[in-house]
Amino acid sequence: MTLPVAYNSLADEWHDGCTIYPIYSALVREFMVDLQDCPSLAGGDDCPPKEIVEEARQWLLTADERIQVHQLRQFLQTTTLSNQNALRALLVHHLHKPAHTDADRDKVDFLLVQYFAQSVNVPLTETVDLQYVATVLEPVLGKSQLNIPDWLTPLGSLLHDASQCPDLNSLLSSHILEKCRQIKTSAGNNFFEPVAMLVFTRFSFIMRRIFFRVMHEDLNAILDGLRTLEQRGVTKINGRRAQLGTAEPLNRLRMICQSWKVMFFAEYSSGQPVNMLVELRAIVDEALASSAGVPENARAATAGAGSAGSDSAQ
């Protein structure tokens, strides 16, 4: 199946444009994008003459050029304007462009998995097969043939490797997300073949679940470690490697972990907060090892000696 290059009618295009406009308008304001409002779309009237639809089309295309991928991703993961209907309209708008840029590919890639995730409620233990993904995405991609080309088969091995990772450090060190991105970028226009978009959506959705699993395990290990350190009389640890203070109170570290539990539900990535979490897990593990078997009255001296070098308990 090949996606059509145009809407079936001006009315359909106008309807989707009016659905997208509140999102783009709010996004333009939040990120101070240099773009004036579009009065015709703001009015949301019934389908106007062709000239007005063309004006709205050009405004949306200009917005696409000026709105960065990371801005769209961040906004849609936090706004109440993001719903299934809005995501469908955004997807159809991007998919029906006559030509696609790399930014279009990245936006479609994100929008597909976001649409899929909002449309399903799959238990973590349940398998997500390609046929199920195709059924959920049919309102956007139509009926698709599931003949997977050879260039997509490495994604199966990458998912298997990711599922074996016990923690965030091993997941990030495997560079699985980077390897997947290389496959996407090398695909060119083949990315926009429906079966390819289905395979990438399934991959990204399962990777999200793997990320959340290991992230929670790391956070729980940190919280358990902080509790054990408190029982041993430790009150502070050196958090320098995690870009924190050299004498961070354990209570503050516990609050940081609780805030990360909320924040990391927005998106998985290898950005700064995730790297901080990986380092904090290592710091707490080292503090547990250094404080084990050390008498309480000697822990301060041990911490003082270690703080000049590696991170340690105090």
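M32 is exposed, at a relative accessible area of 72% (exposed being over 50%, buried under 20% and partly exposed in between, with a 1.4 Å probe and protein chains only). This residue lies in the loop between α1 and α2 (39–43), and its phi is near 55°, a positive value in a residue other than glycine. Q243 likewise has a positive phi, of about 60°, although it is not a glycine. Its location is the loop between β1 (236–237) and β2 (248–249), where Q243 counts as exposed at 54% relative accessibility.

The model is predicted, so that local features need pLDDT of at least 70 and side-chain atom pairs count only at pLDDT 80 or more, whereas totals for chains, interfaces and linings use all residues. Residues are numbered from 1 along each chain as its sequence is written, and side-chain values use heavy atoms, with hydrogens and water left out.

The chain contains 15 helices and two strands, assigned as DSSP runs (H or I of at least four residues for helices, E of at least two for strands) and numbered from the N terminus. Of its 314 residues, 47% count as buried. Among contacts (heavy atoms within 4.5 Å) with a separation of 6 or more, 74% join residues 24 or more positions apart.

Helix α1 (residues 10–30) packs against helix α4 (residues 69–76) at an angle of about 110°, with the axes 11 Å apart. The two helices are therefore roughly perpendicular, a class that spans 65 to 115 degrees. On the α1 side, I23, Y24, A26, L27 and E30 take part, meeting Q71, L72, F75 and L76 of α4. The residues of this contact comprise seven nonpolar, one polar and one charged.

Y24 also features in the largest nonpolar core, which has 97 residues; Y24 and L171 touch the most other members. Such a core is a set of buried Ala, Val, Leu, Ile, Met, Phe, Trp, Tyr and Cys residues joined through side-chain atoms within 4.5 Å. Helix α12 (residues 194–231) gives the most to this core, contributing 19 residues. When residues up to four places away in sequence are not counted, L171 touches A162, C165, I176, M207, I210, F211 and V214.

Definitions and conventions
Axes are lines fitted to C-alpha atoms, for helices over the stretch in contact, and angles run from 0 to 180 degrees between N-to-C directions. Angles under 35 degrees count as roughly parallel, over 145 as roughly antiparallel, 65 to 115 as roughly perpendicular and the rest as oblique. Ala, Val, Leu, Ile, Met, Phe, Trp, Tyr, Cys and Pro count as nonpolar, Asp, Glu, Lys and Arg as charged, and the others, Gly among them, as polar.
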